[in-house]
Amino acid sequence: GDESEMVLISAGADSVVRKWEPASRMNPALYAHTEGLSGHKGAVLCALYCPPLDMFITSGDDGTIRLWPQQDTTEQSISPGNPQEPRKKLMQADGVTELVERRVREGEAGPPTMFKEHADRVTGLVCIDCTLASVSWDLSLRLWDLTSESAASTHVIENAHDDYMLSVAYSPEMQQIASASADQGVKLWDFNVDTYPGTPDSMSGDLMDKFVYAAAGELTEAKLPTVPDGRLGKRCCGVLLGHTADVSHVKWNSPKRLWVTGSEDHTVRLWSPEGNDLHTIRPPGDAITALAVDQKL
């Protein structure tokens, strides 16, 4: 879009989400702070932009996920008299405008602007069209329908990992979600295959064997993922193993079709879609604390 109309947000330990807009049309690279958005309690750890719905999404230490529509950046639900337009357009495309308008006429609340099912800090977010995936220190992976008027998640995988979950990513080519954890592993979840409460995960025997792996120098049997009543889950379809410390970041590189991970073991690793460890990079310095992937190469 036009750089002179681009909006940025930043957030940090002070719990405030700050909005920045171009200060001068003559110099679109110069930004000025225009608004501070309050609502989070504690540090804000993640922020992303959802293009289909024209909104920013943040999460943090307080265990909440907050949605900030560009037309309404208040913490509360959208006013019944002024439903959020991008969502309304999308709902119209899905054939549910009549339901939304009826609820507005009857004075019911509009779409939620906060999700609060996680029981601990939310450390990773990724948008898959209008679905949001989140991971947390509570060891769960959750999916949320951003076009729904419900504040409840649609999919929940508990015990997704054996230790704190730190990052999440998505591969559109493989249609897989990747979650990274302090248990030194990355798990891949098939976005197109649902699982159900009380039903064993339909993993292959080889993949099941990988759930017993070395952690801190000892063989540890990992807990199997579970799905709570009233929710759906996703099938685990792969595991990336090889790091020897917390896996702090996972990314997908579309041009090369590679998973890329960064760890506190001071390495960056490249993985095939099948989960093979292809190459290890050892940058100078200490633990990997940030990771970005060029999607043009």
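Over which residues does pLDDT stay under 50, and how many contacts beyond four places in sequence does the model have for them? I looked it up: residues 212-219, with 15 such contacts. For my own notes, pLDDT is the predictor's confidence in each residue, from 0 to 100, and contact means heavy atoms within 4.5 Å.

Ground rules next. This is a predicted model, where local features need pLDDT of at least 70, side-chain atom pairs count only at pLDDT 80 or more, and totals for chains, interfaces and linings use all residues. Residues are numbered from 1 along each chain as its sequence is written, and side-chain values use heavy atoms, with hydrogens and water left out.

I checked the chain as a whole: pLDDT averages 83, and 77% of the residues score at least 70. Residues 73-109 fall below 50, and that stretch has 57 contacts in the model beyond near neighbours in sequence.

Then I went to the sheet. I found four strands in an open, antiparallel sheet, in the order E8-E9-E10-E11. Strands E8 (122-128) and E11 (155-157) each have a single partner strand, so one side of each lacks a neighbour in the sheet. Strands here are DSSP runs of E, at least two residues, and helices are runs of H or I, at least four, numbered from the N terminus; two strands pair if DSSP finds at least two bridges between them. E8 and E9 (residues 131-136) pair over six bridges, and Ile128 has Thr131 in E9 as its bridge partner.

Last stop, Gln70, in the loop between strand E6 (65-69) and helix H1 (85-93). I note Gln70 as buried because its relative accessibility is 18% (buried is under 20% relative accessible area, exposed over 50%, partly exposed in between, with a 1.4 Å probe and protein chains only). Leaving aside neighbours within four places in sequence, Gln70 touches Val7, Lys19, Asp54, Met55 and Phe56.
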